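Thanks for making time this morning. I would like to take you through two places in one model, and I will go slowly so that you can follow along on the screen.

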Amino acid sequence: MSADQHALLLDRGNLKRRNRFNKAVEVVSTVAAVLAVAVLVIVVGSVFLKGVGALSLHFLTTPTALFGESGGGISNAIVGSAIIVAIASVIAIPIGILIAIYTTEFAPPSIAHPVRFVLDILNGVPTIITGIFVFGLLVEGNHQSGFAASVALAIVMLPIVARTAQEVLTLVPSTLKEAANALGIAPWRSTVRITIPTAAGGLITGSLLAVARVAGETAPIILLSSIVSQGVLTDPGEPLASIPYFIFQSSESPSATAHTEAWAAALVLIAFVLVLNVVARAFYARSRKRMGA
Amino acid sequence: MDVSRDSTESAPMSEARPDPQTDPQTQSGFTAPTVAASGSAQGSTTRDRGVGTVELKQLNAYYGSTHAVRGVDLAFESDKVTAIIGPSGCGKSTLVRCINRMHEEIDGARADGQVVLDGLDLYDSRIDIVAVRRAVGMVFQKPNPFPTMSVFDNVVSGLRLTGASRGDIDDRGREALVGAGLWEEVKDRLKAPGVGLSGGQQQRLCIARALAVEPEVLLMDEPCSALDPVATLKIEELIGELKQRVTIVIVTHNMQQAARVADTTVFMLDGELIEVGPTDKLFTTPDDSRTEQYVTGKFG
């Protein structure tokens, strides 16, 4: 190679500019990623700092005090939230997974695509609208109830469960379905015994994420289950207390103690959501390993 | 011909997926004489002569408007290994997938003509597609053991999920592993995950899984293309041992492999059958000039 050609290699020209641009993009995107983490840390951190003071065993195991009195807790809200979310899950998770199985395993594309699209739209419906819909359906002419709140939360959960389940089921290698097919295993059986077990971790992940998502849902609760009686109630036919509504109500109160209690309840809620997310990730990791991803 | 044409045209994708409720009936509705005749074809015992003969009559296969297999007439003899060779895209995989009716599982794919197994047309409208797959097993390019199942559960998965009686399962699973030459290697880890085996072992596991349901015909679609030479050799030896029990049709890219394992070799080009003959003859003195060009490496 002659010296002239080496000179060409040394002439960095616009290469320098490109390198600078490269560096800039790298820095900006890193900052964006750090920002996302920072927001979470700040939210969780401030909830923790402001709420941890009021958090005690007494707070967790005592029902909310009468209006104007202090020294109450959130046991009724925890129980109420648990019942509302549990009923919503029982409704939404099986239906959501069945929808996903139908669209990924059985439906022709001409049906599967529209169903997917509808689920995406349903996912985007503001929860206050879901709340009003259920209000008209179950509460109007009747009365508020924990069950009505469950139905609203189930509608919110359904597209989340169904879409994540679809994603996971499509990750199951088609070679496994082909193998089952070639063994003379009926399609329904191979779905139940091969596809679903292979995707089980991911299906659990989607369900847990949906639970975490609706556990803090407030708008429908205000409409559907907010006029609650005293004490720990368990009948979903009656309005039930809930953590999100407790936070909302306490933070509206002028009392400083009530504000601290709202922070403490928020801490309980966010801890629940975080734990659920971590568990969900673990299941997802297991599932991906199974599917060779 | 007419019957089979009708059956394929009236058998869209939906029909290929039978209702699980009617399934047990349709399973018993398929009474291939072969299954009864050689029900005891287990272990290393040989089966009755002539059982497991497959004849293709004017077989055509399509993907949408693409005509992938063009009017093939061909017979696969019992107790013989038949290799199908030809350049990529010549329709050899499609051809074997028509034999167990896996071809029509692909969207927009269809086939017409006849595939006659021991006198019974598998494209007859009375035939249940799921039952066809039990009589005609298949091994794929890449080993595909079920990841949630142990070695043993993989082998007997076909039996369990097609409703074989419980007592039978252990023996037949073991026999299948012995038959696939895998027993000695895995007998101490039958409960370990199937995907923990080496690639070659996984492929023999898949062969064992296919053998466990005791098919009359075993289709192998480039079964060694993802394996190293040692694992390939083991599978080739296995093919030689298995041919007394099951009619073997192997698709291969590798002409040396065809020469090593096959009694009969078929050369395909652009969806057409160009030449079929004893392997020696096809590789040394083929009748067709295109065959000669291909086997001597002039194209493909």
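Let me begin with α6(A) and α7(A), which are oblique to each other. Please keep in mind throughout that this is a predicted model. The angle at which the two axes cross is roughly 140°, and since only angles over 145 count as roughly antiparallel, the pair is therefore classed as oblique. Helix α6 of chain A spans residues 127-139 and helix α7 of chain A spans residues 146-171, and their axes come within 9 Å. As for the hand of the crossing, α6(A) and α7(A) cross in the right-handed sense.

Who makes this contact? On the α6(A) side you will find A:T127, A:T130, A:F133, A:V134, A:L138 and A:V139, while α7(A) brings A:F147, A:A148, A:V151, A:A152, A:I155 and A:V156. Sorted by type, the residues of this contact comprise 10 nonpolar and 2 polar, with no charged ones.

Now let me turn to the interface between the chains. Chain A contributes 22 residues to the contact and chain B contributes 31 residues. Between chain A and chain B an area of about 2,100 Å² is buried, with carbon and sulfur atoms giving 66% of it. Within chain A, the residues that lose the most area to chain B are A:E178, A:A182 and A:L183, which together account for 26% of what that side buries.

Across the interface of chain A and chain B, the rule finds 1 salt bridge.

How values were computed. Residues are numbered from 1 along each chain as its sequence is written. Chains are lettered from A and ligands numbered from 1 in the order in which they are written. This is a predicted model: local features need pLDDT of at least 70, side-chain atom pairs count only at pLDDT 80 or more; totals for chains, interfaces and linings use all residues. Side-chain values use heavy atoms; hydrogens and water are left out. Axes are lines fitted to C-alpha atoms, for helices over the stretch in contact, and angles run from 0 to 180 degrees between N-to-C directions. Helices (H or I, at least four residues) and strands (E, at least two) are DSSP runs, numbered from the N terminus. Angles under 35 degrees count as roughly parallel, over 145 as roughly antiparallel, 65 to 115 as roughly perpendicular and the rest as oblique. A crossing is left-handed if the near helix is turned anticlockwise from the far one by less than a right angle, and right-handed if clockwise. Contact means heavy atoms within 4.5 Å. Ala, Val, Leu, Ile, Met, Phe, Trp, Tyr, Cys and Pro count as nonpolar, Asp, Glu, Lys and Arg as charged, and the others, Gly among them, as polar. Buried area is the accessible area (1.4 Å probe) that two parts lose on being put together, summed over both. A salt bridge is a side-chain nitrogen of Lys or Arg within 4 Å of a carboxyl oxygen of Asp or Glu.
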